[in-house]
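Please open the model in your viewer and keep the selection tool at hand, as this tour moves from one selection to the next and says what is found at each stop.

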Amino acid sequence: MRSPSRLPHETRDSRQRTPKTDMRGLYQRAIKESFVKLHPKIAVRNPVMFIVWVGTIVTFLVTLNPNLFGTVQANINQQRLLNGLITLILFFTVLFANFAEAVAEGRGKAQADSLKATRSDTIAWKVLPNGSLEKIGSTQLRRGDVIKVVANDMIPGDGEVIQGIGSVDESAITGESAPVLKQPGTDIASSVTGGTRLLSDELIIRITADPGQGFIDRMISLVEGAERSKTPNEIALTVLLAVLTQVFLIVVATMPSFVNYIANFISTAFGAEAANSLRAGASIAILISLLVALIPTTIGGLLSAIGIAGMDRVAQFNVIATSGRAVEACGDINSLVLDKTGTITFGNRMADEFIPVNSYTVEDVARIAKLASLFDETPEGKSIVKLAEKYKILADVNLNQAEGVEFSAKTRMSGTNLPNGKQVRKGAVDAIKGFIRSRGGSIPSDVDVAYERVSLLGGTPLAVCQDNEIFGVIYLKDIVKSGLRERFEQLRRMGVKTIMLTGDNHITASVIAQEAGVDDFIAEATPEDKIDVIRNEQSQGKLVAMTGDGTNDAPALAQANVGLAMNSGTQAAKEAANMVDLDSDPTKLIDLVTIGKQLLITRGALTTFSIANDIAKYFAILPTIFGAAGIGALNIMGLKSAQSAIISALIYNALIIPALIPLALQGVKFRSLTADQLLRRNIFIYGLGGIIAPFIAIKLIDVILPFS
Amino acid sequence: MGQGLLQIGLTLCIVIAITPVLGRYIARVFLGERTILDRVMNPIERSVYVISGVRPKDEMTGWQYIRAILYTNLFMGILVYSLIYFQRLLPWNPNGLGVPSWDIVLHTVISFVTNTDQQHYAGETTLSYFSQVAALGFLMFTSAATGLAVGIAFIRGLTGRKLGNFYVDLTRGITRILLPISVIGAIALVLLGVPQTIGETLTITTLEGGTQYIARGPVASFEMIKMLGENGGGFFAANSAHPFENPNGLTNLIETIAMIAIPAAMIYTYGVFAKNIKQAWLLFWMVFIVFVILVWVAAGGELQGNPLVNGTLGIEQPNLEGKEVRFGWAETALWAVMTTATMCGAVNGMHDSLMPQGLFATLFNLFLQIIWGGQGTGTAYLFIYLILTVFLTGLMVGRTPEIFGRKIEKREIVLASLILLIHPIVVLIPSAIALAYPFSLSGISNPSFHGISQVVYEYASASANNGSGLEGLTDNSLWWNLSTSLSILTGRYVPIIAMLLLADSMSRKQTVPQTPGTLKTDSLIFTTVTAGIVLILGVLTFFPVLALGPIAEGFKLASGS
């Protein structure tokens, strides 16, 4: 269902669909998954954590036999205890990282389930061979089926009109709010698009495409995350993290030689005991501990969880992304190409003013307009009644005796036959003129003045008449959704340009553009113009996002870096897009930009945090294990002993992963700031915080631990 | 003390003053704009191109540029190897010096081709004047110009230009920058007392009646390009501590300035290329501040003196062991930090005798390679770190990382990572092997913590193409000659290849226009973050060896044992 009445200022939370999942079940499954992910084939996909996993196995071996890699001088049982502790902590580090990924995946699965359950299903009337009708869900329609659609029904799928004539509101696809006449025979006029709405009469349609069901299902399986492929940025980051891991592997692997050299010297200068203590500092378990502390395990453990959670956040908005790449691209968007109708303005025009002609008063016009709209259930008709009520006009008519005249594509007007025999009508100005002429009335000259005025303001004029007399003109106006101005302002601050596209004439477009506060607009745009605008922006190196739902939007959706198709749109549009909005709310594109940015910021923040942590870990471990070399003064945290320092650093290293899981899943809170402000803020929190936090945490753990 | 600080301060002020002037000049030369030497040099360059068949307008791709570098360097290496090998048959050999062993010639040639100039031989007793001036002197120009060309090509790529033509860059680097400045500098040095002769070694009868041999030669010309081109290979074994290479305070000042001039100016040159002088100054000050801190650490250590010596003698003296008294502690400390910072490698004192603070500062420079850094390549390394910083922290503004409007993607990260990885590999692994066999391989003269510094310094100096040494190692052995050669070659060419490929791929990228949402790399905050990332990525890698080397030695000295 199209729901253009959704207001953009509604808060995000109220729009988010919170999956009602059994949290305990989710965690239980995630814990089970954490162990499944220990399988080497799965583990090797994450090089950083794989190293930790291999380290765990080695430390386990030296727990069983501390002398495995050369005789240890220290008390064998003490050594075994220390190695055992290290093994345990490393094992938990791996499990925590697996758990983070499993929780993110579990949430995705739950999300997909709830999507499947809540997906709306349009109703279709299938014409059976014997001529009778059968009510079925649109999802059961197949190519070749014949259906019947009556006024005010949503057309359930792409098809071809084979019988009947009716006007269809195609504003969802074309952006043009005037209804289009559909009839069999002609090429363009006979094809109807799924998701458009029949406004009058009834049509018999042959369905020409299988419905979007299978397509949406494919997307849902993507949300479930089983076949998630890494995004380009994630791949590059994984490369860098792997290289940092290799650098530290070299550092740690070469250390025994340096230590041994010093120990030989110390043993002659200070005696064998000091030398042994130094050699113990380079024992295999301690070297592995140092390695694990130095390699970027925090971001390594959380990286895939962040990516999955990003997809998941998009899904919570009821938008399905075909790939993580698309979500990432949202953050990079430079230009938003927005359709006017449905995105910037409500899809339907609203009555804004009554302009009297022919020496009638505003109240007279309001009364006639209201009478003519009594049976009009369209948003336009309702808005006329609402505006008339402002003038305290009472419709003193017995509705049971009056008769409504529906809008039809032929007459292009609607109205009411009153009980007293008078006929009131409203409709396009020239249609009303024809109505009056046919009844022998005259057209006053100020009708054209009013018509001109409304057109100049970018509105749609509707004339109202009673029998053969024109009373005035209703000014129907495109209403800009409230709150959009502020959103566009925020986007501008983040460096995102907004371009409005409309089929309206230049005047109308400029009025709306100014009111909405978009940066640029293209008037009298054809669907083909969309792709030109996108190509033009892209040729300047910009990344472009757009929404669309019509078949003729498909090339543009495919060309755009982020193409958001409406679920109510055609199959072709959805195939071409890389995201589909199940609520068919085009303003969501703006939210997607923030979600994309949030995903990238979260990844960057945790990477920075992880790397900044290294300073503290170095200062915890090195001075204590090489205390015998006389560098104990570097132990600025005053940790109790080498064992205590190593265990503390490793515990911190392990616990920081589950501690950051909520941040990884929810994302860093996004603020619409400029890049400079964002950098300053995040560097302060995650960079400086990343340097300081581990100093405090490791010291605290050291104080609590019962080591001497 | 006041005098020493004044000397350091004055030198640094001159550096700041000449940086924009020289930086702009270098940019003009390589942007092909008009310069003052056009009238003299244009015809010369044109004839060089005609003779060598170079079409100066031909732009090279990344691989073409790389191949041009590798082939010319290989050719020059073979040429110089033969020249030294047959020096007995060649002119200007008044002392009749014979054929050195193959491994020392190989090491020497590799060392000079790569702008490293690590010397495992004593110049005055091994090489003829012809070998020194024609063979090695020739490499001093070409190796420096090669580095300069790499730096310029890298800057071109980064700022979205085509990489240029290596042969043109090599030629212009020599004719417009290295040669003119060297000529002026050499004349100044001659005026200040540096010898320039092809006469043989003097034999003097001293006052006591003994016989003394005084080595001499065409020193002044050799000296200037040695400093200006960050070569650092001395005419004499004692390098710039020798009174004929560096007789007095004024020559010391000239040589110091010559040493730092181009690496400092290259940052400004970047600013001209990128039309972003603000960022150039920010980066300049970032490097400058780290540099000054390191000078302060080293000079502080020397000024304080050796507590053991001072304690025993009961005096307050700066550490004057291994110093030339005519330079004193301040000029020696400044020189030591600068020569390791700029990858020059010339010395005016004995680095083995530096206090642990000095060892720390010099090793720090060799590990980082960007505190000015080598001729041309130093600036490229600086931008590699900038790229890595953008990649790691740039995500925090909510866009995938981009630098100068170009996206940093997997290919760039793979190449930058390779550059980051290569230095620890060729420094730490051979050091670990050498220290595992301290007697058979390393020949350390001063065991304990200092021994670690000696060995690591030697490999770091090789891999960073610096060339200075703590000495004290018995380093003219097959092991040292071959293992350091390997570190030199890998540390030189692998990063150069990766840098040029990276520049090439950056230059082909489409630029994204700047918006308020783009990360600005020319802000104070970003430059500060870069400094932090440099320290974490560059220094933490080597923190264990720093801890077991100079830091442990420092604590041991301070504790009075």
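Before the first stop, a word on residue classes: Ala, Val, Leu, Ile, Met, Phe, Trp, Tyr, Cys and Pro count as nonpolar, Asp, Glu, Lys and Arg as charged, and the others, Gly among them, as polar. This is a predicted model, in which local features need pLDDT of at least 70 and side-chain atom pairs count only at pLDDT 80 or more, while totals for chains, interfaces and linings use all residues. Residues are numbered from 1 along each chain as its sequence is written, chains are lettered from A and ligands numbered from 1 in the order in which they are written, and side-chain values use heavy atoms, with hydrogens and water left out.

**First stop: the second largest pocket**

Select B:Ile293, B:Phe360, B:Phe364, B:Leu535 and B:Val539, which lie nearest the centre of the second largest pocket, among the 48 residues that line it. A pocket here is an open set of points on a 1 Å grid over the protein atoms alone, where a 1.4 Å probe fits, with protein on both sides within 12 Å along at least five of seven lines; lining residues have an atom within 4 Å of a point. The elements that give two or more residues to this lining come from both chains: helix H23 (588–625) and helix H25 (675–704) of chain A, and helix H10 (277–304), helix H13 (356–368), helix H19 (524–539) and helix H20 (543–558) of chain B. Helices are DSSP runs of H or I with at least four residues, strands are runs of E with at least two, and both are numbered from the N terminus. Which helix gives the most to the lining? That is H19(B), with eleven residues. By class, the lining divides into 37 nonpolar residues, ten polar and one charged.

**Second stop: along helix H19 of chain B**

Now select B:Thr530, which lies in helix H19 of chain B. Is B:Thr530 buried or exposed? Its relative accessible area is 1%, so B:Thr530 is buried, where buried means under 20%, exposed over 50% and partly exposed in between, with a 1.4 Å probe and protein chains only. Leaving aside neighbours within four places in sequence, B:Thr530 is in contact (heavy atoms within 4.5 Å) with B:Met286, B:Leu386 and B:Thr389. A polar atom of its side chain also lies 2.8 Å from the backbone oxygen of B:Phe526.

A:Asp376 lies in the loop between helix H14 (362–372) and helix H15 (379–390) of chain A, and with a relative accessible area of 15% A:Asp376 is buried. Beyond four places in sequence, A:Asp376 touches A:Gly381, A:Lys382, A:Ser414 and A:Lys426. A:Met413 lies in strand S14 (residues 413–417) of chain A and, at 11% relative accessibility, counts as buried.

Finally, select B:Leu6 in helix H1 (residues 2–31) of chain B, which at 63% relative accessibility counts as exposed.

Technical notes:
A polar contact is a pair of N or O atoms within 3.5 Å; within protein, one must be able to donate a hydrogen and the other to accept it, and residues adjacent in sequence count only if both atoms are side-chain atoms.
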